[in-house]
Amino acid sequence: MSQPRVRAEMAVLIDVGSAWAKAGVIGQVGGRWRLVAHATQPTAWGSAALRAALVDQLASAVDARLTGQVDQLLADARRIECHTAIPPRLAIVAVSRELSGSAARRAAEAAGWHVVEFMTLDDGRDLADRLATLQAAEVSAWLIAGGFDGARSPRALEAAALVAAARRQGGGPVVWAGSADLGPDVVELFEPGVVATVANPRPDARRDEPGPLRDHLVALLRDEVAVTEETHLASSTFGRAVGALATLSGLRILGVDLGARSAVRVLAEPDGSVASRVRARGGLAGTVLVSGAAARVARLAGDAGDESAVADVLQTLRARPTTLPQTVEELSATQTAARVQLAAMFDEGTDGSVDLVIGAGRTLAAAPYPGQAARMLLDGVRPLGVTQLAVDAGAVLGPLGSLPDDQVREGVSLLGEDLLVPLGTAIVCRGGDPGRTAMRVTLHRAGWPAVGPVEMRTGQLQVLPLPRGQVAEVTIELLGSATFGATRRSPRIQAMVSGGAVGLILDARGSPIGLPRRGDDRREVLAAWRDALNRDAAAGAERFA
Amino acid sequence: MSVVHRIPLPVGATPMVEVGHVVEPSEVLATRRTPRGGQAIAVAAPLRRSAVDAAACLTVRPGTFLDAGATLADNGRGRVVRVPESCILLGYDRDDGSALIAPLSGSQPVVGHVRGEVVAMEPDAIEVRVSGALVGGVGGTGNAVHGELRVAVHDPAAELRASAIDVGATGRILVGGSRASAETLTRARAMGVAGIVLGGVLDKELRDFEATQVRRRELGVVRGDFAVILLEGYGKVGFDPGLFAWFQRHDGRLASLFGADARLYVYDAEPAPARRMLARSGERVIAHRRPHAGLAGELIRVLDRPHAFGSGVVGRAAVVRFDDGRTAIVPLANLEATEAFPVG
C-alpha cells in the first residue's frame, strides 16, 4: 500500500536589503496562514545560507512526514521578493543655501535621490573651484534652483550657466526648479529636450512648496532605476503593503522603514491613498553625514560613551553596516542614531495625528527589547495624541507589497496576527507647564478595577501594563498648556487603546523632547526613561520616570 | 593579477594617451584648462545698443567654451564683440549690458597616479589595467598619491608614533599600525610623507586633522598631496597579522594610494590575503567592532542556536580563540575569514 502524499502549502517572503537580507516562511497551520520561520543575515552571505537557516528552523517544527523534504519544499515554494536599489546620484546647484538650496535639497532627498554635490552661489567658493567641482561630478541628473517667481534673477541664470558649462553633452537630464520667468532662458542653455521645468519650490521668500518638485524627482528616479523593477523595489512595496493595511483596518497609518543606507516614510489613509518619501541617506549609515551627529548622539544617548567613541560607532555603521553591536554602549549609540535619523525624516511633522505607527528595518524591528523599539519610534516620530505602535518583526510588509495589486490586500489580511508585533499604545502630549501636571489619564478595562487617574507631570514618561490582545478605554484630561497638537475642544478625551509587548505608554516629555542642560541631570533623566520602557511589562507594576 | 583602474576625465580634458600605452604613476594622461575667476566684458556699449537689446545679439549661449578672438556678440551691422582669451561664457547681465566670462588657465596636467596599460578611452574616463594587488579599505581621506611602501611599525597592533617619522619617510607611503594621532598625521604631512596605511584611526582625530589641513590650505601653507587609508575600522584597530606580514614582504614596492576612494594598489605584488564573509570552523578570522575589533584568531565552532550577546542583540554566533589567548563568543556577522599567510 503506497504512503499518502503529504503536501505543504507555503511561500517564502524575501526582503533583500542593501546590508541585510530577511526571509520568512508562511505556511498553513491548522487551516490558517502563519509565519512559521524567519531568518535575517547579511545580504553578502548569499541565498544558500539564508535557505539553510530557514531549513534548520523548519526541520524541527514540521510534520514528521515532511522531515527530510523541507529543503525541496522551500525550493518549490512561491517566492515573494522585494529588494533595495542603489539610489541614483544628483547634483544640485542653487542660488542660496538657506532658501532655494535647502528647498531643492529637501525635495531631492525626500524623493530618494543621493545628493552627491550641493553647490550654492553663496558658499564662499570661487568660480574656478565651482566649475572644477561640477566638471568632476559623476551624476545621473542635475537640479538647478534659484530666484523668486516674477523676477529675473541674474544669479539664478548664472547657476544654470554653471551647470551648462560643467555638464557634458548627454550628461543626464536637467531639472529647472527656479524662477518661472527664467524657464525659457534656462531651456535654451542646453541641448533640446534635456531640461524639464518644474514649479519653483520657493516661489517667494515666505512660501515653501516642494510638492511638485518632489513628485517630478520621484518620477525621474523611477525612470533611472528601470520601470520594470519598480514593482519589486522595497521603497515602493513597503508603501503598497501599508496602504493595503490602512484600507483593511480603516486606520490612518504611518510606516517607517529604517534601513542600513536609506529610509522610507509612508503615510497611508483609510481610503487607500498613500504618500511615501524616500531618504537616500536617511538610513543608519547616513547618520555620520549629519553635521554634529556624534555630539548629538552622545548627548541624546547618555550611555553610549563620549563623543569620540560615538563618532567611531557612527563611522562603523557606514563602513560595516552588516555587523552587530555587541556591547551595550554600541547598541545605545546605534539606537540613538536611529532616533536621530527618524527625527530628521519628521522634521516637518507627521502631517497630523495617526492611528498606528509601524516600524520596519532591522534596527527597529529586531531591537532586543520591545521598549527599545518603542522608544526609537516615540522619540524619532513624536506621534502626538493616541497612537498604536507596532513593528514589522517578520519583515513581511515589503515582500507582500510586491504582489500584484489584487493580491496585496489578500496577503496582508491572510497573515492576521503574525503580520505585526504590537508594542502597545502611546499617549503623547506636548506643551505643559514645567513641574506641573500635563495630563491625567484613567484606564478602564472590563472586569478590572480602573487604574488612575494617573497624573503625568511635564517631562514624565510612564508605562501602564496592558498586554497584547487586551483593549481598554482611557479618559485623558489635558491640563495647563498641554495639547495633542491641535486646539483643545473638550477638557476630557475618551479613546480606545490596545495593548502590546510594552503596554500603555504615557508620554508627557513634549515635542521636541526637552532635556536638562547639566550632563549628570541629563544622563539621569535619560536612564530613567530608558528603564521605564524596558522593564518587563508582565510584571504588572506601573513604571515611572 | 591585474585590476582595471578608472581615471575620470573632467569636461574639456584632452587625452594624451591611447589604448595600449603603458603609463607610469607620474605620467600626464590628459590635459585640461581650468576656469579662473570671473571677468566682465562690455557688450552693450560696443554694439551701441541698450543693455536689454544687446542680449539678442549674443551669438553663443552661456556655458559655451570660446577660443581667444571668438565672436561673443554681433549686432548685424558690423559691430562685433570678441573674447580676448579662451573662456567659458557664464551669463549676461541685462542691467549693465556686460557678459560674465570665466577665462581658462593654461594647460594643466591630469595625472593618473597608477602604473599600467591603457585599455580603454572613454569621453569621461581613461581605464588603465594595473598589474599588482588591490587592497580595499573602509575609509580614508586625501588625494591620489604614489610612492614606495615602507612599514613603519614592528607590530600590527602598534600605534604609529610621530617620532617614527623621519626624513627617510619623505615621498613614501608608510604602513602604520592600529592608530595614528592627529599630531602624527600632521607631522607626516609636514615631513613630505605621501600617504599612510592604517588598521584604524579615531574618527575624531582624522576629522581634526582634515580640519587643520583645510584651514592651512586656505592660508596657502599646505602644498603637495597626502592621503590616508584605513583598512580595518574606526577606533584603535590593529591589522590582521596576515595582511601585516604581506605588507612586510612588499616593503619597498611602488604603490598608489587613493585616500578618498579607500583603494591601495601595490605593484608587482602577489595578491593580498583574501577576505570572505560567513567564516567556517577552523578558519582564520578577523573580528570587527568592539570589544574585539581588529583581533585575529581561529574560529573554533559556529553555535547551533542564535546567541544573545551582552547588548541583548540576538544573532548567529561563533566561538573564536584569539591570538592573544582569549576565547570569546562573537557575532558571526562581525567576523571575516582571512586567508592564512606566512607570518615573519
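Predicted model: local features only at pLDDT ≥ 70, side-chain atom pairs only at ≥ 80, totals over all residues.
An α-helix has 3.6 residues a turn, so residues three or four places apart point the same way. Is α11(A) mostly covered or mostly exposed? The helix is mostly covered, with 15 of its 18 residues buried. A residue is counted as buried here if 20 or more other C-beta atoms lie within 10 Å of its own.

Chain A contains 16 helices and 22 strands. Its C-alpha trace spans about 75 × 75 × 45 Å along the principal axes. A compact globule of 545 residues would have a radius of gyration near 24 Å, and the 25 Å of chain A agrees with this. Of the 545 residues of chain A, 55% count as buried. Among the contacts in chain A with a separation of 6 or more, 69% are accounted for by residues 24 or more positions apart.

Strands provide the next step. Strands of a sheet pair through backbone hydrogen bonds, either parallel or antiparallel. In chain A, four strands form an open sheet in the order β17-β16-β19-β20, and their pairing is antiparallel. Why is one side of β17 and of β20 left without a neighbour in the sheet? Strands β17 (451–457) and β20 (492–498) of chain A stand at the edges and have a single partner strand each, so one side of each has no neighbour in the sheet. On average, neighbouring strands of this sheet are turned by 25° against each other, direction ignored. Strand β19 (residues 471–478) of chain A pairs with β20(A) in the antiparallel sense over seven bridges. Opposite Ile476(A) stands Ile493(A), which lies in β20(A).

The final step leads to the second chain. In all, 42 residues of chain A are in contact with 43 residues of chain B. By class, the side of chain A that touches chain B has 25 nonpolar, eight polar and nine charged residues.

Methods: Residues numbered from 1 in each chain as written. Chains lettered and ligands numbered in written order. Contact = placed C-beta atoms within 7 Å. Nonpolar A, V, L, I, M, F, W, Y, C, P; charged D, E, K, R; others polar. Pairing = 2+ DSSP bridges. Helix = DSSP H or I, 4+ residues; strand = E, 2+ residues; numbered from the N terminus. Axes fitted to C-alpha atoms, helices over the stretch in contact; angles between N-to-C directions. Rg over C-alpha atoms; globule rule 2.2 N^0.38 Å. Buried ≥ 20, exposed ≤ 12 C-beta atoms within 10 Å, placed from the backbone.
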